[in-house]
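Visitor: I am new to this structure and would like a short tour. Please begin with any term I shall need.

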Amino acid sequence: MIQTDICIVGAGPVGLFAVFEAGLLKMRCHVVDALPAVGGQLSEIYPKKPIYDIPGFPEVLAGDLVKNLEKQIAPFHPTFTLGERVEELQKQEDGSFIVVTSEGTQIACKVVVIAGGLGSFEPRKPAIDNLEHFEGKGVTYMVRDPELFRSKKLVIAGGGDSALDWTIYLAGLAEELTLVHRGTTFRGAPESAEKVMSLAEEGKIKLLLKSNVTTVQGNGKLNAVSISVDNEEQYNLETDYLIPLFGLVPKLGPLENWGLDLDKNAIVVNTVDYSTNIPGVYAIGDINTYPGKLKLILCGFHEAALMAQSAYNIINPGKKYVLKYTTVNGIQEI
């Protein structure tokens, strides 16, 4: 059985930064994630996408932010269980917990921090016959390595931020790129929509509005899609890849059975310290909800800092902590 002070469920950016904040207070952390690598959505969905609202970084690639967070927490020697989903939360008589994963791994801890992002998420798939048949064979729901699409023919379907961002990014790599959107206006950032319109006007991409991908075709591998335009015109388009980007469907998974106060698919927390209704269990990042909640990485960082201060009192009962700035103390390994 693994012994630690804090078990952090979720190895995304907020979960990783929670390791740092806990480490400053000399608390040890073990991090569990169902994904095979750390970084959460930043690593799994958009590692090459730039982020602009991290303090001190005018621009940083999502994947690079994860690497920086790994370097930042290295002095605190966190341990990890990756590729296993947390299943059970067993509260002990002394108020501590045993966390059990899908593979039977047991983690004994005094505090549990849920930093699971959107929870257990899966892509929202369009209703297209035989779509699953081509998954991994030309149909993909996320862009992990943009170089895979260099000099290829691409069809991106969607009208939100992800579809716009990847259209802009991949326009310079692909041999041919077509963006298919069922509406006439976009749900994403206005500046991104303007950029996509400009790319279409310049002939760098094809833009099909009031359109839908209706069928996928190929022999073992995708080679064409059929597109309906304004519910009338139908034509085939040769393509190497179809990338439907209609967002993610969040699911809490086993966490739904833990007795937590929930509001839809989010965990209700006290904003004093981001504690849940279960003493010793906290929720930080996109997975929690409270009045005025903003689903931003930087907000999750703030939540991690306040959580750590509160967790310190559970792990060190009766021991007073005096806040000391890192500019004074530096980073001390544990």
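Guide: Buried means under 20% relative accessible area, exposed means over 50%, and partly exposed lies in between (1.4 Å probe, protein chains only). This is a predicted model, in which local features need pLDDT of at least 70, side-chain atom pairs count only at pLDDT 80 or more, and totals for chains, interfaces and linings use all residues. Residues are numbered from 1 along each chain as its sequence is written, and side-chain values use heavy atoms, with hydrogens and water left out.

Visitor: Is His-77 buried or partly exposed?

Guide: His-77 counts as partly exposed because its relative accessible area is 44%. Its phi is near 50°, a positive value in a residue other than glycine. His-77 belongs to the loop between helix H3 (62-73) and E6. Helices (H or I, at least four residues) and strands (E, at least two) are DSSP runs, numbered from the N terminus.

Visitor: And what is phi of Lys-264 near?

Guide: Phi of Lys-264 is near 60°, again a positive value in a residue other than glycine. Lys-264 is found in the loop between strand E20 (262-263) and strand E21 (266-268). With a relative accessible area of 77%, Lys-264 is exposed.

Visitor: Turning to the sheets, what is the order of the five strands in the open sheet?

Guide: The order is E6-E3-E2-E10-E22, with parallel pairing. Strand E6 (79-82) and strand E22 (281-283) are at the edges with a single partner strand each, so one side of each has no neighbour in the sheet. The twist averages 20° from one strand to the next; axes are lines fitted to C-alpha atoms, for helices over the stretch in contact, and angles run from 0 to 180 degrees between N-to-C directions.

Visitor: How many bridges pair E2 with E3?

Guide: Four bridges pair strand E2 (residues 6-9) with strand E3 (residues 29-33) in the parallel sense. Two strands pair if DSSP finds at least two bridges between them. Ile-8 stands opposite Val-31 in E3.

Visitor: What about the open sheet of four strands: what is its order?

Guide: That sheet runs E14-E13-E12-E18, with parallel pairing. Strand E14 (206-208) and strand E18 (241-244) are its edges. Three bridges join strand E13 (residues 176-180) to E14, and Leu-179 stands opposite Leu-207 in E14.

Visitor: Lastly, which residues of H6 are buried?

Guide: Among them are Ile-297, Phe-301, Met-307 and Tyr-312. Helix H6 (residues 297-315) has 19 residues. Leu-296, in the loop between strand E23 (288-289) and H6, is partly exposed at 34% relative accessibility.

Conventions
The expected span of a helix is 1.5 Å times one less than its number of residues.
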